[in-house]
Amino acid sequence: MFGLEALDLARIQFAFTISFHILFPAITIGLASYLAVLEGLWLKTHNDTYRDLYHFWSKIFAVNFGMGVVSGLVMAYQFGTNWSRFSDFAGAVTGPLLTYEVLTAFFLEAGFLGVMLFGWNKVGRNLHFFSTVMVAIGTLISTFWILASNSWMQTPQGYEIVNGQVIPVDWLAVIFNPSFPYRLMHMATAAFVATAFFVGSSAAWHLLRGKDNPAIRTMLSMAMWMALIVAPIQAVIGDFHGLNTLKHQPAKIAAIEGHWENHGDEPTPLILFGWPDMKEERTKFAVEIPYLGSLILTHSLDKQVPALKEFPPEDRPNSTIVFWSFRIMVGLGFLMIFTGLWSLWLRKRDKLYTSRPFLYLALWMGPSGLIAILAGWFTTEIGRQPWVVYGLMRTADASSNHSFMQMSITLVLFVVVYFALFGAGLGYMMRLVRKGPKIDEGKETNEGGPGQKRTPARPLSAADEDNDEADNRPSLTKEI
């Protein structure tokens, strides 16, 4: 079917499931830190706006966290079911790294998550805030171990191969492999930026519909400050990451740039747009800027970038895909920086909350961070091909011995179940977002908050009806 083999279906299945999964940890990482900041600001300023926002976003965080855990379990099972030969070859490295993630990050998150979500009026303020901070730290520790494992597959070191299996000989070298620091910073920062635009988009949606209150304005303001500061930092991190990739995976860079061959001593141009053709070994319809490729990729005007034709055809990544996935990521990054700068310009003119063109841009930029993350992961993972462990094991040698029919059936089942299950979860989460924060939540007492008597927060409850709607519901007691 469509010229696909069982190996291709296994790759598509893994790409499909991990694409769903990565969306949830990204928002979880950002929202956990956002909640810690909100509660910290509430404790410091006693401004009830921060408390109301905490309750609002903690519900969304809880739903998102649950879907992330469920979708993550599937990834672990796939290593054994679809990629058993990879697990046999590299399991001595990847297995312990994933175990460390469970023993440190997941147990830390699970230990404090209940207090964070359900202990608002059960424990003291300091303990509750500490629990929120621990959950936020747990998400970052989880990122640390997952990126350590994946980065080792990109730039392996600290190992020996004994009897056809990878044996770790230096765990510090395994963990802190050459690409790890750049990829860790790039992913963590991407999660913060994606969450900022998710929060900012929800605020813009409410403002465009006339729901203007301090909580909504605070959401937009904090999100745009994050975009203004962190989006340019992400661009700088991406530049360092690119230099590191050029050093350790030059074929990936050549594929990303659609750069097929060098001519004499000429500097490498930057191809803005075009269509890399893997069969004809050239980039069609190329729009080039002379010298700029050398300047961006080597920080020099005369150095050349390695070309795809310098590598054997069987070792070349699919340039057609990574060329465009990279440009989607970078293009969205520039849009994020522009949005942050525009917000600063409007803020100085006191129009941040009233400029409808800007609010529409902020609204439509809501999914931009998540799309950029997906595009970035497609670039780095497809750009690693044809290797599953770069330079050590080819993807074709890593898969289990499943038939085409078996992979077809399981792929269809995954697609149906994922869209049904996580589609419902995402719809529920969007319902909570549309409801918006209740600015009067928890004001039945003078203080409210951890350790105070008040209506307990219900992070996992459905979006509540408005108070006036609730008052109009028939009372069962009265009917009886």
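A polar contact is a pair of N or O atoms within 3.5 Å; within protein, one atom must be able to donate a hydrogen and the other to accept it, and residues adjacent in sequence count only if both atoms are side-chain atoms. The model is predicted, with local features requiring pLDDT of at least 70 and side-chain atom pairs counting only at pLDDT 80 or more, whereas totals for chains, interfaces and linings use all residues. Residues are numbered from 1 along each chain as its sequence is written, and side-chain values use heavy atoms, with hydrogens and water left out.

**View 1. The two domains of the protein.** Domain 1 comprises 1–177 + 404–436, and domain 2 comprises 190–402; these bounds come from an automatic or database domain assignment. The C-alpha centres of the two domains are 22 Å apart.

**View 2. The interface of domain 1 and domain 2.** Contact (heavy atoms within 4.5 Å) involves 49 residues of domain 1 and 39 residues of domain 2. The two domains bury about 3700 Å² between them, 71% of it on carbon and sulfur atoms; buried area is the accessible area (1.4 Å probe) that two parts lose on being put together, summed over both. Across this interface, 16 residue pairs are in polar contact, both residues being at pLDDT 80 or more. On the side of domain 1 that touches domain 2, H1 provides the largest share, 16 residues. Helices (H or I, at least four residues) and strands (E, at least two) are DSSP runs, numbered from the N terminus.

View 3. Strand S3 (residues 270–277) and strand S4 (residues 282–289) run antiparallel and are joined by six bridges; strands pair if DSSP finds at least two bridges between them. Tryptophan 275 has lysine 284 of S4 as its bridge partner, and phenylalanine 273 stands opposite valine 287 in S4. Four residues lie between the strands, and glutamate 281 of this hairpin takes a positive phi near 55°.

**View 4. The loop between S4 and helix H9 (292–298).** This loop contains tyrosine 291. Although tyrosine 291 is not a glycine, its phi is positive, at about 70°. Most residues other than glycine have a negative phi, and most peptide bonds are trans.

View 5. Glutamine 385 and proline 386 are joined by a cis peptide bond with omega of about 10°. Proline 386 lies in the loop between helix H12 (368–382) and strand S5 (387–389).
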